[in-house]
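Here's a quick briefing to read alongside the model. Have the structure open and follow along, one topic at a time.

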Amino acid sequence: MSETKSANGGKVKKIPMRQCLGCNEHKPKGELLRVVRSPEGEISLDFTGKKSGRGAYICKNIACLKRVRKSRRLEHNLACAISPEVYDRMEAELSEEA
């Protein structure tokens with residue numbers, strides 16, 4: 001991991017930034033939700049950020065998910081077709097998490 005010195009000489013950990021596919025804002029990785037396509041092709045939400053597979057990030061709100069669903073950006077980013085049932089399941093999981 002990359003570390004830099006702060007003004008007072010202590011080490012400061014670099015915070016990884018990721019871009020939301022819905023609103024295009026750059027935010028710290030921990031504030032965003034990772035959508036992952038597993039090597040088997042299954043699409044799921046990764047609340048831990050540690051699942052293996054191709055990932056894309058969205059904000060933890062339903063408005064961004066709806067925007068991504070309408071624009072089909074997630075399908076382009078993960079390079080696979082995503083059925084409406086998967087979007088509905090992700091929306092339900094996001095609602096439970098909130």
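At the start of H1, Asn61 puts a side-chain oxygen within 3.3 Å of the backbone nitrogen of Ala63. Keep in mind that this is a predicted model. At the other end, H1 is followed by Arg72, which has a positive phi, near 60 degrees.

**Helix H1**
- Cys64, Leu65 and Val68 are the buried residues of H1. They span an arc of only 100 degrees around the axis, which puts them on the same side of H1.
- What sits over those buried H1 residues? The cover includes strand E7 (residues 54-59), along with H2 and H3.

**Arg72, Glu75 and helix H2**
- Arg72, the residue with the positive phi after H1, also has a side-chain partner: its side chain makes a polar contact with the side chain of Glu75, at 3.1 Å.
- Glu75 itself belongs to helix H2, which runs over residues 73-78.
- Is Glu75 buried or exposed? Its relative accessibility is 12%, and buried means under 20%, so Glu75 counts as buried.
- Setting aside residues up to four places away in sequence, Glu75 touches Cys80, Ala81, Ile82 and Tyr87. One of these, Tyr87, is also among the buried residues of H3.

**Helix H3**
- Which residues of H3 are buried? They are Val86, Tyr87, Met90 and Leu94. Looking down the axis of H3, you'd find them within an arc of 100 degrees, so they line one face of the helix.
- Glu85 and Glu96 are exposed, on the other side of H3.
- The cover over the buried H3 residues includes two strands, E5 (32-37) and E6 (43-46), plus helices H1 (62-71) and H2.

**The loop between E5 and E6**
- Ser38 is found in the loop that links E5 and E6.
- At 14% relative accessibility, Ser38 counts as buried, because the cut-off is under 20%.
- Leaving out neighbours within four places in sequence, Ser38 is in contact with Ser52 and Gly53.

**The largest pocket**
- How much space lies in the largest pocket? It holds about 180 Å³.
- The residues lining the largest pocket are Lys29, Gly30, Leu32, Leu33, Arg34, Asp46, Phe47, Thr48, Gly49, Lys50, Tyr57 and Lys60.
- E5 supplies the largest share of that lining, with 3 residues. E5 also turns up in the cover over the buried residues of H3.

**The chain as a whole**
- The protein chain has 3 helices and 7 strands. Read along the sequence, the order is β-β-β-β-β-β-β-α-α-α.
- Of the 98 residues in the protein chain, 30% are buried.
- Take the contacts between residues at least 6 apart in sequence: 41% of them join residues at least 24 apart.

Key: Residues are numbered from 1 along each chain as its sequence is written. This is a predicted model: local features need pLDDT of at least 70, side-chain atom pairs count only at pLDDT 80 or more; totals for chains, interfaces and linings use all residues. Side-chain values use heavy atoms; hydrogens and water are left out. Helices (H or I, at least four residues) and strands (E, at least two) are DSSP runs, numbered from the N terminus. Buried means under 20% relative accessible area, exposed over 50%, partly exposed in between (1.4 Å probe, protein chains only). A polar contact is a pair of N or O atoms within 3.5 Å; within protein, one must be able to donate a hydrogen and the other to accept it, and residues adjacent in sequence count only if both atoms are side-chain atoms. Contact means heavy atoms within 4.5 Å. The arc is that of the directions from the helix axis to the C-beta atoms. On a 1 Å grid over the protein atoms alone, a cavity is a set of points where a 1.4 Å probe fits but cannot get out, and a pocket is an open set with protein on both sides within 12 Å along at least five of seven lines; lining residues have an atom within 4 Å of a point. Grid points are joined across faces, edges and corners, and a volume is the space filled by probe spheres set on the points.
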